[in-house]
Amino acid sequence: MSRCIVLGAVMAAIVSLAACTETPQTAATRKPDTKVWEVTDNAFNAPGWKSGDKVSWEEQMRSRAQAQNEYAKAK
Amino acid sequence: MARMKFICDAERCIECNGCVTACKAEHDVPWGVNRRRVVTLNDGIAGEKSISVACMHCSDAPCMAVCPVDCFYRTDEGVVLHDKDACIGCGYCSYACPFGAPQFPTNGTFGLRGKMDKCTFCAGGPELNGSVAENAKYGRNRLSEGKLPACAEMCATKALLGGDGDVVADIFRTRVLNRGKGSEVWGWGTAYGKPATKS
């Protein structure tokens, strides 16, 4: 009988103390990013450059930026 | 290697807020968050000047320096991005940024401060380029689609230029040389007034 009481007390203590444990608070680490020119097939890709090719992407950026230059467009 | 930069031509900006609208629409930016905004100096006074301001993607970004969880990173193109899964929404970056770029959407029923949101130069975040997850967290990744930021491409007067720093600087220089003025609006004089002449 006394063994049951002791066992019950121990179980109660374990259950009540379990509430005092802290959930882990480790911050998520930053994920690595993929290169900007590496893209899966996307229906919204601008035409005129080859996805996955860095040189082609850089050339696309340069030519696209010239659309902002009306002095170049007016020639 | 391209170093992506924005430049706003104050001689051309007409304070239409088209860049702000383009940004909000392109990335479905939540209510109360403005990744970009138009600031007017000497508003209402003849000669007022407006410039469009967002994250300047600093070469030595103070937000990166102060972030306690190191959630910021700089891409090879010089774009300063962050990982929202690592961000704890502490707001240190907001205090450090001289342009007020970091924004904090209210989150949940009690308006708790959410994770930081800012201009991504339309380059998304660390999720897979063009993925649904990236779009939901950071908005559209136009750079990976071979396009420039929506704000710059949508600007009606082409006041806001975005792209490789060398290219946009060349475009701006051509303008200034053609119109014969405009470079002086950038710098100390605009921010603090003309220096007093010595008697």
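The contact between the chains takes 33 residues from chain B and 28 residues from chain A. Two residues count as in contact if their C-beta atoms, placed from the backbone, lie within 7 Å. The model is predicted: local features need pLDDT of at least 70, side-chain atom pairs count only at pLDDT 80 or more, and totals for chains, interfaces and linings use all residues. Residues are numbered from 1 along each chain as its sequence is written, with chains lettered from A and ligands numbered from 1 in the order in which they are written.

On the side of chain B that touches chain A, strand 8 (160-164) and helix 6 (165-179) of chain B each give two or more residues. Helix 6 of chain B gives the most, with 5 residues. Helices (H or I, at least four residues) and strands (E, at least two) are DSSP runs, numbered from the N terminus. The classes on this side are as follows.

| Class | Members | Count |
|---|---|---|
| nonpolar | Ala, Val, Leu, Ile, Met, Phe, Trp, Tyr, Cys, Pro | 17 residues |
| polar | the others, Gly among them | 8 residues |

The largest nonpolar core has 46 residues. Such a core is a set of buried Ala, Val, Leu, Ile, Met, Phe, Trp, Tyr and Cys residues joined through C-beta atoms within 7 Å. Buried means 20 or more other C-beta atoms within 10 Å of the residue's own, placed from the backbone. B:Ala123 is among the residues with the most contacts inside the core. Beyond four places in sequence, B:Ala123 contacts residues including A:Val36 and B:Leu143.

Strand 1 of chain B is largely enclosed by the rest of the structure, because 4 of its 5 residues are buried. It runs antiparallel to strand 8 of chain B, joined by 5 bridges. B:Cys8 stands opposite B:Leu160 in strand 8 of chain B.

Definitions and conventions. A residue is buried if 20 or more other C-beta atoms lie within 10 Å of its own, exposed if 12 or fewer, and partly exposed in between; C-beta atoms are placed from the backbone. Two strands pair if DSSP finds at least two bridges between them.
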